[in-house]
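Welcome! Take a moment to look over the sequence and the 3D view before you read on.

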Amino acid sequence: MTAAREPLLSCKGVSKFFGALAAVNNLSFDVYPGDVLGIGGPNGAGKTTLFEVISGLNQATSGSVIFQGRDISMLPPETVCHAGIARTFQLNASFESLSVRDNVRVAAYFGRENRAYPGLKVGPDVEEQTTAALEAVGLAGKDHLIAGELPVLDRKLLMLAGAIATKPRLLLMDEPVGGLSPREIDHMMDAVRRIAQGGVTIVLIEHVMRFLVQLSTRVLIMHHGESIYEGPPQGLAKDRTVIDVYLGEGASERLGKLMEAGQS
Amino acid sequence: MSPAKRDVLVCIGLAIVLALVPLVIGTRYIITQMTLFFIWAIVVTQWNLVLGVAGIFSLAQMALFAVGAYATAMLAYYFAIPVIVAMPAAALITVAASLVIGAACLRLRGPYVALLTLAIAQVIYLVVVNDTACFTNPPSGCLPLFGGVRGFSRFGDLGFRALLGSKFYVAHYYVGLSLAVLAVMFSIAIIRGPLGLAFKALRDNPGYAMSRGISKFKYQLWVFGLSAFFTGLAGAFYAAQFGVVGPIVFSIAMLLFLLSMIVVGGMGTIWGPLLGAALLMLADEGMREVGDWRDIGLGLVLAVFVILLPKGLAGVRLRRAKAGL
Ligand SMILES: Nc1ncnc2c1ncn2[C@@H]1O[C@H](COP(=O)(O)OP(=O)(O)OP(=O)(O)O)[C@@H](O)[C@H]1O
Ligand SMILES: [Mg+2]
């Protein structure tokens, strides 16, 4: 790692207030190309709000978000998407009445670049990209199912397929395995690993510590909108503040064992 | 076969069958009613793009139809422009009007869109009927700028009366059919193409659609603009067909009649609104005898469908197909 390396994403003093509540409070951090940054923290810490701000769905009250050297703080969500940032949502979002394939097709067609004039047909390049995204998450063969009728794992995978179909440089994932069984978590972990290996930089929010520490190259723990820990995942189980406000003694011991097992 | 190809083939098949009708049926009344069916078919397929495909509850479509009809009559009446030239010009004026309405509705949701668009339609209606100052004084008497309660007549026609004499209505049948086929092809291209994807995505989940690169602003304007072209053209053809344009085109009864066609047939589908238009015109025909009960009958049909078959007749067919029947 050289000091001259440019961050892909840089949040500088970002705050988001809802009335008097500081959901995100003067938060600064950098994400470098190739990173998998894991964000954890108790409920209401401001993790989702941070994603809302970065993705343009909700504008920051103050501070700036720089992506590839460009200030994106004031851009609308569709422009942020075209700039190369895609996200998934904590609550499963989909185009309920559309087929699985159409859900991803939308993203592949509209997500890559701003289309001044919509065309008459979805081109073969978009179809290829749609197929590739469905295969990457393991949804191949389910093209014609209706999104609203999918089981929860498939809905999360569909959201992920939509995100990568936009060809992002940066992928933001909000609790990708919330509510999944251990086997399903493993499936999602494989999918995320493959995406990361494909050269996409990732920021993920997760309460499932196993998922967070095994995937992340770096971890950021938030509390009351502020950062209370930023560093390697190995340091988490030993950090007093993190144990006190988030993990608790029992969980931190289990986490410590998990990290040791992973290293040996 | 891709769904788009199948739809286009169905459309061509229907067009061929309908083109043969005047060769078999000579009754003027039936041919004229079918011409009217083509006009309503155009309006409902285009309205369906906004209402069913994009999920925007706009009630402005009949006002846009009226803009097309009035613009044709006024261009022809005041500037002596041939009706055939006034018609496409009127369609473009309708597009402009619709873009303004679409922009006004941008920040509104659900029922508020319905309220605003209905209010806009009422304002246009009131401007037309409340302006009683004479703008010109033709031999038939004082004529306000927008025609007042009497409306416009004697603004010319498509020229078929001079050419074919009493058989002109057959030519109008074919004009109506051609416009309807074009309008249906247009709606197929939109619903089955990328625009349809954008509209449906925004309908299903606007926030998610935006974060996948779809600008709500841009595509809401697209759907308002595109759906207005053939609606305006239908209004223009209505003016040419009947030779009179009056404030009746703004009536709530007419609005409900067309809205019912879409609801009965199935919102958001390609063939539902057409099916609904055919069925409701037949039902309306069947209830001619019962006079005032006609509107009540239509109201009941609408109520039954909203309660029992909210997805319309096309919805029933789809569910059956899925169940493997
Ligand atoms: N639109 C909003 N209006 C008002 N308050 C909000 C809004 N969105 C979030 N908040 C508040 O901001 C704080 C941070 O919420 P946020 O959803 O970002 O937390 P989180 O870290 O994602 O929590 P969780 O782990 O439960 O998902 C909470 O107190 C929440 O109630
Ligand atoms: Mg959250």
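Here is a short tour of some cysteines and one helix.

Please keep in mind that this is a predicted model. Across all chains, a search of the whole structure turns up one disulfide. In chain A, we will stop at helix H5, which covers residues 152-165.

**The disulfide**

- The partners are B:Cys134 and B:Cys142, with 2.0 Å from S to S.
- The link between B:Cys134 and B:Cys142 is left-handed, with -110° about the S-S bond.
- B:Cys134 has a relative accessibility of 43%, so it counts as partly exposed.

- Is B:Cys11 buried or exposed? B:Cys11 counts as buried because its relative accessibility is 4%, and buried means under 20%.
- B:Cys105 also counts as buried, as its relative accessibility is 0%.

**Helix H5 of chain A**

- How far does H5 of chain A reach from its first C-alpha to its last? This helix of 14 residues reaches 20 Å, close to the 20 Å expected at 1.5 Å a residue.
- H5(A) is mostly covered, since 13 of its 14 residues are buried.

Technical notes. Residues are numbered from 1 along each chain as its sequence is written. Chains are lettered from A and ligands numbered from 1 in the order in which they are written. This is a predicted model: local features need pLDDT of at least 70, side-chain atom pairs count only at pLDDT 80 or more; totals for chains, interfaces and linings use all residues. Side-chain values use heavy atoms; hydrogens and water are left out. A disulfide is a pair of cysteine sulfur atoms within 2.5 Å. Buried means under 20% relative accessible area, exposed over 50%, partly exposed in between (1.4 Å probe, protein chains only). Helices (H or I, at least four residues) and strands (E, at least two) are DSSP runs, numbered from the N terminus. The expected span of a helix is 1.5 Å times one less than its number of residues.
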